[in-house]
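Reader: Could you walk me through the labels used for this model? I'd like to see what stands behind each term.

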Amino acid sequence: MLNILLIRCNERLGLPARETNSTGIYPPLGLAYIAAALRQAGFRDIRVLDAHALGLSWEQFHAFVLSNPADVVLFTAATLVWPNIVKAARLVKAAHPSCLVGAGGPQLGAYPEESLACDDIDFGIRGEGETAVVQALQAIASQQDLGSVEGAVFRKDGKIVTRPAAAIQDLDAAPFPAVDLLPRRAYRALNVDHPFFSMVTSRGCPFACKFCAQIHSDQPFRMRSAGNVVDEMELYVRRYAAREIIVFDETFTVDRQRVLDICREIGSRGLRFRWNIRTRVDTVDEDMLAALRQAGCRGLHMGVESGAQEILDAMRKGITLAQVKKAFQAARRLGFETRGYFMLAYPGETLETIRQTLALSRELDLDWASFTITIPNPGTALCGDLAGDYWRDYVLGRTDAPAPFFTTAEYTAEALCGIRGQAYRDFYLRPGFILGKLFSRNGWRLLRNIVYNAPSLMRVLP
């Protein structure tokens with residue numbers, strides 16, 4: 001039977017820090033799902049190395065690889081961290097030349113052939129990996145090629161072959177993530193109670209925001225049933241004593257009835273835990289929010305993106321500023337802790353529209369705000385606004401420059417970084433905001449979590 005090692009590289013090693021929303025280190029759910037699927041299929045010798053959560057240096061990673069040989073090593077890869085995957089694959093191959101090295105994740109969906117331009121990557125998996133990885137390793141175990149594996153990318157007769165990927169239709173049939181294989185004590189998040197777990201209850205996205213890669217992933221929107229969702233929640237609460245669960249769906253509240261059913265199911269089982277969700281301002285209403293609050297949901301994260309309606313329209317966000325204000329007002333009335341997400345320097349933006357966004361972030365009476373400078377993520381419609389294919393050059397090692405911002409005659413890239421920094425200072429350093437946090441009902445909880453989590457996060461976050 002194959003000896004299998006699943007790896008998430010340390011994403012902070014040698015890469016430019018572009019992400020500004022990093023408030024924690026969260027479990028790699030994709031690897032945990034794949035591990036569970038392999039286990040269900042009969043594979044037994046499975047390990048997970050989360051070098052990111054453990055904060056491993058290259059020297060520490062190399063030492064681990066040398067002392068832990070495997071027949072197959074699988075990396076999870078986003079395009080931004082691809083240079084680290086290439087370096088890690090070379091270290092694996094140098095240590096164990098006969099080991100087969102594979103990769104999956106968003107990178108393989110965006111640039112499958114370019115990924116195998118690296119000779120140390122033997123094969124790739126596009127799309128959702130649970131079924132495809134099982135099929136691939138069964139083929140490898142029986143010394144067959146990957147020609148029949150959905151989503152496989154491999155070399156044959158000197159050419160790179162790319163098989164079409166298929167989405168999992170019945171999400172309830174997938175086993176729950178193998179969280180027992182993860183270094184659970186290594187995960188930290190500011191303002192989240194520990195121990196915490198993360199989960200997803202749907203895949204894909206039914207919306208069409210121009211800046212998001214979800215709509216270009218060729219995955220239809222699918223949801224798990226309410227009972228299946230609460231089964232997983234109950235597992236974490238009863239077996240692992242979870243105090244908080246983070247639901248990482250793109251939009252948890254797409255189906256109103258399913259949300260209400262989940263809330264009722266949590267209540268009927270007598271489960272008591274905090275949880276938080278990510279959603280949109282146009283898919284919530286006061287009755288739904290009241291049900292969520294009753295079921296223990298305490299955190300509401302919603303993408304606002306811009307304080308200028310013309311920019312929201314350009315994004316194809318499909319919301320209005322009136323909806324934004326109404327949703328957050330309702331959430332505040334019901335006692336939710338709220339976080340708004342904002343994008344700066346979207347194509348067509350001006351200093352005036354940026355000013356409107358920053359003003360709205362303070363007007364909404366949020367508990368937390370996150371500000372990012374817009375970049376054209378791989379697979380999004382925004383990439384069409386660039387000259388050439390920056391991400392292809394990046395994957396092939398032709399450039400190590402940071403992803404470009406959309407600059408104008410009004411602002412340079414350097415000026416945008418200053419604007420973003422000022423946005424954070426103006427939001428978080430308001431005396432009323434600081435005093436409100438310290439003397440709120442959750443003030444002690446916030447201080448406790450910061451003291452508990454900050455030392456670990458300082459070692460692994462930029």
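Reader: Which residues of α13 meet α15, and what makes that a contact?

Author: L351, I354, L358, S361 and R362 in α13 meet L416, I419, A423, D426 and F427 in α15. Contact here means heavy atoms within 4.5 Å. By residue type, that splits into seven nonpolar, one polar and two charged. Ala, Val, Leu, Ile, Met, Phe, Trp, Tyr, Cys and Pro count as nonpolar, Asp, Glu, Lys and Arg as charged, and the others, Gly among them, as polar. Bear in mind that this is a predicted model: local features need pLDDT of at least 70, side-chain atom pairs count only at pLDDT 80 or more, and totals for chains, interfaces and linings use all residues. Residues are numbered from 1 along each chain as its sequence is written, and side-chain values use heavy atoms, with hydrogens and water left out.

Reader: Why are α13 and α15 called roughly parallel?

Author: The axes of α13 (residues 351-363) and α15 (residues 413-428) cross at roughly 20° and come within 10 Å. Angles under 35 degrees count as roughly parallel, over 145 as roughly antiparallel, 65 to 115 as roughly perpendicular and the rest as oblique. So α13 and α15 are roughly parallel.

Reader: And what makes α8 oblique to α9?

Author: The axes of α8 (residues 226-238) and α9 cross at roughly 45° and come within 9 Å. That angle makes α8 oblique to α9. A226, V229, V230 and M233 of α8 make the contact with R258, D261, I262, E265 and I266 of α9. Those residues divide into six nonpolar, no polar and three charged.

Reader: Now D249: why does D249 count as buried?

Author: Buried means under 20% relative accessible area, exposed over 50%, partly exposed in between (1.4 Å probe, protein chains only). D249 has 2% relative accessibility, so D249 counts as buried. D249 lies in the loop between β13 (244-247) and α9 (256-268).

Reader: What does the side chain of D249 make polar contacts with?

Author: One partner is the side chain of T201, at 2.5 Å; another is the side chain of S202, at 2.8 Å. A polar contact is a pair of N or O atoms within 3.5 Å; within protein, one must be able to donate a hydrogen and the other to accept it, and residues adjacent in sequence count only if both atoms are side-chain atoms.

Reader: Is L80 buried, exposed or partly exposed, and how do you know?

Author: L80 has a relative accessible area of 28%, so L80 is partly exposed. L80 sits in the loop between β4 (72-76) and α4 (82-95).

Key. Helix = DSSP H or I, 4+ residues; strand = E, 2+ residues; numbered from the N terminus. Axes fitted to C-alpha atoms, helices over the stretch in contact; angles between N-to-C directions.
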